[in-house]
Amino acid sequence: MIGQVSLPPRTPYYGLPPIGMGTWAAESTTSYVARLAANHCISVIDLVTNALDVRTRRDGTHWKLFPRQGETFKLNGVSTLAMEWGHKLANLTLQPSLSKTNLASLRGILPSTRLVRNTRAWCHLCLCEMQENAVYEPLLWSMHHAVVCPEHHVPLSTICPSCKAPNTAALSQRYTLGHCTRCGSWLGISNAEGKGPPTQWEEWTTLQMKSLISVISSSENAPSISVAYDNLEILILTVGNGRMTRFAQEIDTDKSTCSMWLNRKNFPTLDYCFRISLVSGIDVGKLLCSVVSPSEIDRSTWGRDGQPQWVKRPVRRKIDWESVKKNFEEICQNNETPSPGLRRVAKRLEVDGRLLKERFPDLCGRLARRNTIFWEKRPAQRHEALKKRIRRMVIKIAKNGYRPTRRRVARALDLTSGDITDKRLQKIWRDSVAKLQASQVFC
Ligand SMILES: [Zn+2]
Ligand SMILES: [Zn+2]
C-alpha cells in the first residue's frame, strides 16, 4: 500500500537567504527586495507590484501595501508595513529570518520617531569589499543614530559622489544596490562631504545600534514589552538607589517622565535608551531584548564627578569651512534639478543655515536667485517633460502589442497614483492615442 507522500512546501520565488543574519551587518528589507528582484532578473517595481503590493481583504477587496513616495524607508523600521512585508517576503521565499530584516519586532516597544533615516547612507569602503561577493545594504545603514561604519570607522556617506545629491527614494524604478538612484553611478567612491570626525556621542550611538541589530537578528524569539519594562524598572531603581529623582537627574530628564516609564504608560525613546544604557553599562540590545539582573549593572565607566557634559550637549564637531565653501560653490555651479533651497543645502553640508548666510552671503544670494528663476519656470517645464514622456510611452506600449490604456501608461511611467489624474495630461494621452489610431500603428 502506498502511503501519503508529504511534499515540502513550494514557493514561487527562489529561496534567497538574507545576508549577514545573526550579526550587526544583517541585511535590510529594502536591500533584500532589491536583491531578490535582481536575482530573478525583474525590476523592483515588477516584484513589488506582482508579489508584495496588493493584499486581499476578507471581503475580497484589495488594499495597497506599497508605502507612499518618500516613506519607503519605513519598511526598515517598526511600522505595520515593515511587519507585513517581512511576513510576505518570508512566505514568498520560505526564509523565516526575513522578519528580522527590519525592526518590526520592536513594534510597541520603541516609538518610530528618529529611528529610521529617510535617505540612503552607505560606507564606500564596505561597498568596495562587498563587490567581491554580493553588494547589499545592512540594516544598520538605515538607522538614524548610526553615523559611523563600525568596521572602517569612517562617517557614513549620504551624498552621491557624482551628482552631489542625496538618495531619497528606495524601491523606485532606478533602485540598484550600490548605485545612485539619481545618476546611476557607483557609490563605493570616497566622497568629501565636509564632515569632520564623528563625535564621542555619535560613536556611542552607532555602537549601541550595532549591539541592538546583532541581538534582534540572532534571537529566536521576538522581544517582549513586559521584559523591557521589567528591565527598565530594575535599572531605574538600582541606578538611582531607589530614588527616581536621582535617576532622572543622571539622564537629564524630569521625575514625571521617569514616573510614566515606571508606571508602564510609555517606553523611553531611543535617545533616552542610549542615556540609560550609558549610566547603567547595559547595552541597548540587552535592555530591550533580554532579561537584566541588578548584578549586571556596571557603573565603572560612568563619570566620577557626575554627569559628563557630552550627554546633555554633544561635543560640537570642528567644521572644515574651506571644504564647506568648496562644496557650496560646486552646488551653486551645477545644474541640479530640482534646484535645492538653502535649508536643503545646509542639511547636505551638515552646517546650520544661519552660519552659511553669515559666512557666505554671496553664495547664498546666488543660490536664492537661481532658485527663483528655476521655480518660476518649473510648472511649465514639468508639464512639458511629462507630455513628451506620455507621448513616447503610448507609442512604445502600442509597438509592444498592448493597448496603451491610461493606467498602463501611468504604471510604465512610474506615476505614484497609478493613473493619469490631471485633466490636461489626460487630454495629451487621448490625443496621442487618437494620433496612433489614425496612423494605424495598433488596432
Ligand atoms: Zn565600512
Ligand atoms: Zn548620483
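The secondary structure of the chain comprises 17 helices and two strands, and of its 443 residues 33% are buried. Among contacts between residues at least 6 apart in sequence, 64% link residues that are at least 24 apart.

The chain has a mean pLDDT of 82, with 88% of its residues at 70 or more.

| Helix | Residues | Mean pLDDT |
|---|---|---|
| H4, highest confidence | 124–130 | 92 |
| H11, lowest confidence | 309–312 | 49 |

Where pLDDT is low, predicted coordinates should not be read in detail, a caution to be kept in mind for helix H11, where the confidence of the chain is lowest.

In helix H2, which spans residues 44–52, the buried residues are Val-44, Leu-47 and Ala-51. Viewed down the axis of H2, these buried residues fall within an arc of 70°, and they therefore line one face of the helix. An α-helix has 3.6 residues a turn, so residues three or four places apart point the same way. The cover over the buried residues of H2 includes helix H1 (29–39) and helix H3 (80–93).

The residues of the contact of H15 with H17 comprise 10 nonpolar, one polar and two charged.

Conventions. Residues are numbered from 1 along each chain as its sequence is written. Chains are lettered from A and ligands numbered from 1 in the order in which they are written. This is a predicted model: local features need pLDDT of at least 70, side-chain atom pairs count only at pLDDT 80 or more; totals for chains, interfaces and linings use all residues. A residue is buried if 20 or more other C-beta atoms lie within 10 Å of its own, exposed if 12 or fewer, and partly exposed in between; C-beta atoms are placed from the backbone. Helices (H or I, at least four residues) and strands (E, at least two) are DSSP runs, numbered from the N terminus. The arc is that of the directions from the helix axis to the C-beta atoms. Two residues are in contact if their C-beta atoms, placed from the backbone, lie within 7 Å. pLDDT is the predictor's confidence in each residue, from 0 to 100. Ala, Val, Leu, Ile, Met, Phe, Trp, Tyr, Cys and Pro count as nonpolar, Asp, Glu, Lys and Arg as charged, and the others, Gly among them, as polar.
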